[in-house]
Amino acid sequence: MPGEQQTLHRGLEERHINLMALGATIGVGLFLGSATAIKMAGPAIMLAYGLGGLAIFMIMRALGEMAIHNPVAGSFSRYAQDYLGPLAGYLTGWNYWFLWLVTCMAEITAVGVYMGIWFPDVPSWYWALAAMLAMGGVNFIAVKAYGEFEFWFALIKIVTIVLMIAGGFAMIAFGFGNHGVATGISNLWAHGGFMPNGFSGVLMSLQMVMFAYLGVEMLGLTAGEAKNPKKALARAVDSVFWRILIFYVGALFVILSIYPWNELGTRGSPFVLTFESMGIPAAAGIINFVVLTAALSSCNSGIFSTGRMLFNLAEQKQALPIFAHVSKRGVPVPALLMSVAALLLGVLLNYLAPKEVFTWLTAISTFGAVWTWLIILLAQLRFRRSLSADELASISHRMPLWPYGSYLTLGFLALVIGLMAYFPDTRVALIVGPGWLVFLVAAYYLLGYHKQDAAWRLAQQSR
């Protein structure tokens with residue numbers, strides 16, 4: 001591709017990053033209800049989301065510290081390469097590529113299900129294919145097009161949750177939609193107490209709660225294409241904890257105050273029930289539309305993430321060189337094409353393969369999420385230790401309580417891994433996930449990528 005500009009364009013504005021940061025923490029799971037997690041913890045599920053949110057805040061501050069210091073497209077894969085070694089960067093990059101591929105497959109399948117509510121006679125794979133082609137097309141235009149779509153997708157989710165929280169508080173305090181009788185918050189303790197299954201119930205729900213936050217780290221991948229990365233990323237990372245408190249804990253507080261926790265999941269979506277109580281008859285259709293946009297948003301982000309990660313792996317000489325090519329519009333076209341092609345195969349597999357195959361793929365992606373968070377924390381510990389006194393003093397956006405905050409968060413993730421091992425449904429991730437790593441390591445040596453290791457060790461010694 002002679003004459004092409006071989007750099008990504010900084011086309012993402014601060015408003016894109018801010019809304020993407022807000023939208024990244026709000027997934028389909030919140031709208032459809034975390035019924036299983038709520039059954040484990042009862043109203044104390046809010047504590048689980050708070051604890052998980054605090055861990056995610058520390059992870060994002062660790063990532064933010066590195067991304068603001070060195071804003072590159074590969075983000076945590078590049079930082080793993082720089083501070084932990086080429087093998088760590090390779091494993092993190094390919095893990096994350098696969099993670100988003102499987103997530104995207106699930107979201108595209110979900111689009112077919114949601115559209116089936118309105119168009120039951122149309123085969124669901126039509127909608128899945130249309131969604132994939134539409135979101136793929138957006139990513140091929142320019143990074144600004146991706147940013148615009150994410151901006152509006154995020155805005156729809158945010159407005160819906162804000163309206164639900166506001167309407168819910170009006171029902172709790174003034175009886176709005178309840179014939180003027182204030183519902184109060186007694187449902188938080190009236191059905192077996194605030195913590196009906198004890199603190200062990202809160203612990204058991206943690207592994208489910210943590211995966212609701214999957215995707216928030218994707219903000220790091222925008223660093224290489226943000227117009228003002230230092231300012232935009234600093235603001236986005238800083239607000240992570242407050243967004244989690246408002247959108248997750250706030251929404252759950254309203255839902256669990258109005259509806260008994262032991263009845264949730266038996267009467268439909270709490271969001272639909274709340275909007276119907278507010279006198280909105282089309283509530284089910286509205287929430288279906290919002291969930292649909294949330295699925296499309298996840299698909300859009302997935303295609304963006306897989307394309308950028310593959311581009312970064314090629315730049316690190318850990319994928320075919322063609323994937324490092326960038327079009328004149330600043331789009332890594334070959335990397336995106338590869339990701340969309342893999343996604344097409346994935347969608348086909350999702351429809352044709354036995355359920356067990358898809359469970360295994362999901363298990364690898366679950367393992368990949370925990371791996372990514374662990375690597376971010378470990379890379380940041382090494383990053384700090386690699387800095388001179390002057391460089392350390394110049395860091396404007398520091399991780400709080402370093403290094404103890406990092407160690408505590410690593411311990412928390414170890415607890416989540418232990419909980420995954422405890423539950424049969426998630427235990428498969430700790431069997432299949434390491435198997436996937438073994439496969440990647442074998443490919444690393446067979447394809448000769450390990451030849452970079454000696455050069456990296458030399459560079460470390462000369463520091």
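N95 touches G368, W371, W436, L437 and L440, leaving aside residues up to four places away in sequence. Touching, or contact, means heavy atoms within 4.5 Å. That is my way in today.

First, the ground rules. This is a predicted model, where local features need pLDDT of at least 70, side-chain atom pairs count only at pLDDT 80 or more, and totals for chains, interfaces and linings use all residues. Residues are numbered from 1 along each chain as its sequence is written, and side-chain values use heavy atoms, with hydrogens and water left out.

Back to N95. Where does N95 lie? In helix α6, residues 86-118. Helices here are DSSP runs of H or I with at least four residues, strands are runs of E with at least two, and both are numbered from the N terminus. Is N95 buried or exposed? N95 is buried, with a relative accessible area of 1%. Buried means under 20% relative accessible area, exposed means over 50%, and partly exposed is in between, using a 1.4 Å probe and protein chains only. Now look along the chain. S75 is 20 residues from N95, and their C-alpha atoms are separated by 14 Å.

Next, helix α15. T372 lies in α15, which covers residues 355-386. T372 counts as buried because its relative accessibility is 0%. Its contacts are F76, Y96 and E217, again not counting residues up to four places away in sequence.

Which residues does L361 touch? They are F98, V102, M105 and L349, with residues up to four places away in sequence not counted. Take V102. V102 and L361 are 259 residues apart along the chain, yet their C-alpha atoms are separated by 6.7 Å.

One general point about helices. An α-helix has 3.6 residues a turn, so residues three or four places apart point the same way.

Let's zoom out. How many helices and strands does the protein have? It has 20 helices and zero strands. The radius of gyration is 22 Å, close to the 23 Å that the globule rule gives for 463 residues, so the protein is as compact as a globular protein of that length. The radius is taken over C-alpha atoms, and the globule rule is 2.2 Å times the number of residues to the power 0.38. Along the principal axes, the C-alpha atoms fill a box of roughly 70 × 50 × 40 Å.

How much is buried? Of the 463 residues, 57% count as buried. Take the contacts between residues at least 6 apart in sequence: 82% of them join residues at least 24 apart. The protein exposes about 18700 Å², and carbon and sulfur atoms supply 69% of that. Those areas come from the Shrake-Rupley method with a 1.4 Å probe; for residues, only the protein chains shown count as cover.

Helix α8 runs over residues 143-174. Its 32 residues, at 1.5 Å a residue, should span 46 Å, and the end C-alpha atoms are 46 Å apart, which agrees. The expected span is 1.5 Å times one less than the number of residues. Just after α8, G175 takes a positive phi of about 75 degrees.

Helix α12 covers residues 270-277. Six of its eight residues are buried, so α12 is largely enclosed by the rest of the structure. The buried ones are P270, F271, V272, L273, T274 and F275. Just after α12 comes G279, with a positive phi of about 85 degrees.

Last, the loops. K317 lies between α13 (283-315) and α14 (333-352). Its phi is near 60 degrees, a positive value in a residue other than glycine. K317 counts as exposed, at 61% relative accessibility.

L401 lies in the loop between α16 and α17. L401 has a positive phi of about 60 degrees, although it is not a glycine. L401 is exposed, with a relative accessible area of 63%. P403 sits in the loop between α16 (389-394) and α17 (404-422). What kind of peptide bond joins W402 and P403? A cis one, with omega about 0 degrees.

Finally, K451. K451 is in the loop between α19 (429-446) and α20 (452-461). At 66% relative accessibility, K451 counts as exposed. I395 is 56 residues from K451 along the chain, and their C-alpha atoms are separated by 33 Å.
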